[in-house]
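Let us walk through this structure step by step. Keep the sequence and the 3D view side by side as you read.

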Amino acid sequence: MTILFHTSPSLREEFLPGGSHTSFILRRGQILRLTDIDGGANVSMMMLNPHEKSERLNLPDTLKGQHTARLTAGHCFYSDMGRVLAGIVADSCGWHDPFGGVLNAQETQEKYGTGRYQELRNAFYRNGTDNLLVEMGKWDLGLEDLLMVVNFFSKVTVDGEGRFQFCEQHSSPGSYVELFATMDVLMVLTVLPHPQDPSTEYAPRPVQLSWFQADDQQAVIESLFTRDENQRAFANTQLFAL
């Protein structure tokens, strides 16, 4: 049974069409819900400290520190300074991919064909690298700041020989994941198919974003004490917030 740590109406709602991108600061103590409206969506997300943008999401430490190759409720996102940027506090999907990355323009054309703005207008084929860079530019960030991403709503398994396998139809209509901000966190995201999705049809799915205020921040934090490493990272985060 999933426990929700908010009972008040949402602070804000935003619909993101497939292929779109956005960025914002999720404030400390807030919860962001991502909802896969139609099923089969993929949300590629970067995370940074908005007050010192050299501090960024460190996925290798995130995975090593929590002894996992997938992300779900109870897992935290570590920064490269050993702090917790955010944590997953509710998850109806059960598995989110930290390996797949995003496609660039050339890779998108090779996979889906030519989908130019001149013919398709706003339905043109977008790619993850350029979408993220557009948003990053709004925060004075450039190509050298491009990070690894978490691909929410996508499942990629690894076999005994280290080969990745994309799991189709993993996320159902209405699937959601909730992220709690333990400090202010800059989120940069795009809504595009996962790079390892075998479909060659360019058909990105929409998602809904909802913002909430956590009822009891300490209770939320304690729900993320799933590893001793997480507690040490929270101690580092508390020192930063003083």
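Start with strand E3, residues 30-36. Seven of its seven residues are buried, so E3 is largely enclosed by the rest of the structure. Bear in mind that this is a predicted model.

Which way do the side chains of E3 point? Gln 30, Leu 32, Leu 34 and Asp 36 point one way. Ile 31, Arg 33 and Thr 35 point the other way. All of these residues are buried; here that means under 20% relative accessible area.

Now look at the partners of E3. Strand E12 covers residues 207-213, and E3 pairs with E12 in the antiparallel sense over seven bridges. Within this pairing, Thr 35 stands opposite Gln 208 of E12. Strand E10 covers residues 175-181, and E3 pairs with E10 over six bridges, again in the antiparallel sense. There, Leu 34 stands opposite Val 177 of E10.

Step back to the sheet around E3. Six strands form an open sheet in the order E1-E12-E3-E10-E6-E5. The pairing is antiparallel. Which strands stand at the edges? They are strand E1 (12-16) and strand E5 (76-78), and each pairs on one side only. From one strand to the next, the twist averages 20°.

Is Pro 173 buried or exposed? Its relative accessible area is 58%, so Pro 173 is exposed; the cut-off for exposed is over 50%. Pro 173 still has contacts with residues from elsewhere in the sequence. Leaving aside neighbours within four places in sequence, Pro 173 is in contact with Asp 36, Ile 37, Asp 38 and Gly 39. Asp 36 is one of the residues of E3. The C-alpha atoms of Pro 173 and Gly 40 are separated by 7.6 Å, although the two are 133 residues apart along the chain.

Next comes another sheet. Four strands form this open sheet, in the order E2-E11-E4-E7, with antiparallel pairing. Strand E2 (21-26) and strand E7 (150-152) are at the edges; each has a single partner strand, so one side of each is left without a neighbour in the sheet. Neighbouring strands here are turned by 25° against each other on average, direction ignored.

Take the pairings in turn. E2 joins strand E11, residues 185-191, through six antiparallel bridges. In this pair, Thr 22 stands opposite Leu 189 of E11. Helix H4, residues 128-137, packs on the sheet. H4 touches E2, E4 and E11, and its direction makes about 145° with that of E11.

Strand E4 spans residues 43-48. How many of its residues are buried? Six of the six are, so E4 is largely enclosed by the rest of the structure. Both of its faces are covered. Val 43, Met 45 and Met 47 are buried on one side. Ser 44, Met 46 and Leu 48 are buried on the other.

E4 has its own pairings. With E11, E4 pairs over six bridges in the antiparallel sense. Here the bridge partner of Val 43 is Val 191. With E7, E4 pairs over three bridges, also in the antiparallel sense. Met 45 stands opposite Val 150 in E7.

What about enclosed space? A search of the whole structure finds one cavity of 30 Å³ or more. The largest cavity has a volume of about 80 Å³. It is lined by 13 residues, and Leu 103, Thr 108, Gly 128, Leu 192 and Pro 193 lie nearest its centre. The lining divides into seven nonpolar residues, five polar and one charged.

Finish at helix H6, residues 228-241, where Leu 239 lies. Leu 239 counts as exposed, at 59% relative accessibility. Leu 239 and Arg 83 are 156 residues apart in sequence, yet 9.5 Å apart in space, C-alpha to C-alpha.

Note on methods
Residues are numbered from 1 along each chain as its sequence is written. This is a predicted model: local features need pLDDT of at least 70, side-chain atom pairs count only at pLDDT 80 or more; totals for chains, interfaces and linings use all residues. Side-chain values use heavy atoms; hydrogens and water are left out. On a 1 Å grid over the protein atoms alone, a cavity is a set of points where a 1.4 Å probe fits but cannot get out, and a pocket is an open set with protein on both sides within 12 Å along at least five of seven lines; lining residues have an atom within 4 Å of a point. Grid points are joined across faces, edges and corners, and a volume is the space filled by probe spheres set on the points. Ala, Val, Leu, Ile, Met, Phe, Trp, Tyr, Cys and Pro count as nonpolar, Asp, Glu, Lys and Arg as charged, and the others, Gly among them, as polar. Two strands pair if DSSP finds at least two bridges between them. Helices (H or I, at least four residues) and strands (E, at least two) are DSSP runs, numbered from the N terminus. Axes are lines fitted to C-alpha atoms, for helices over the stretch in contact, and angles run from 0 to 180 degrees between N-to-C directions. Contact means heavy atoms within 4.5 Å. Buried means under 20% relative accessible area, exposed over 50%, partly exposed in between (1.4 Å probe, protein chains only).
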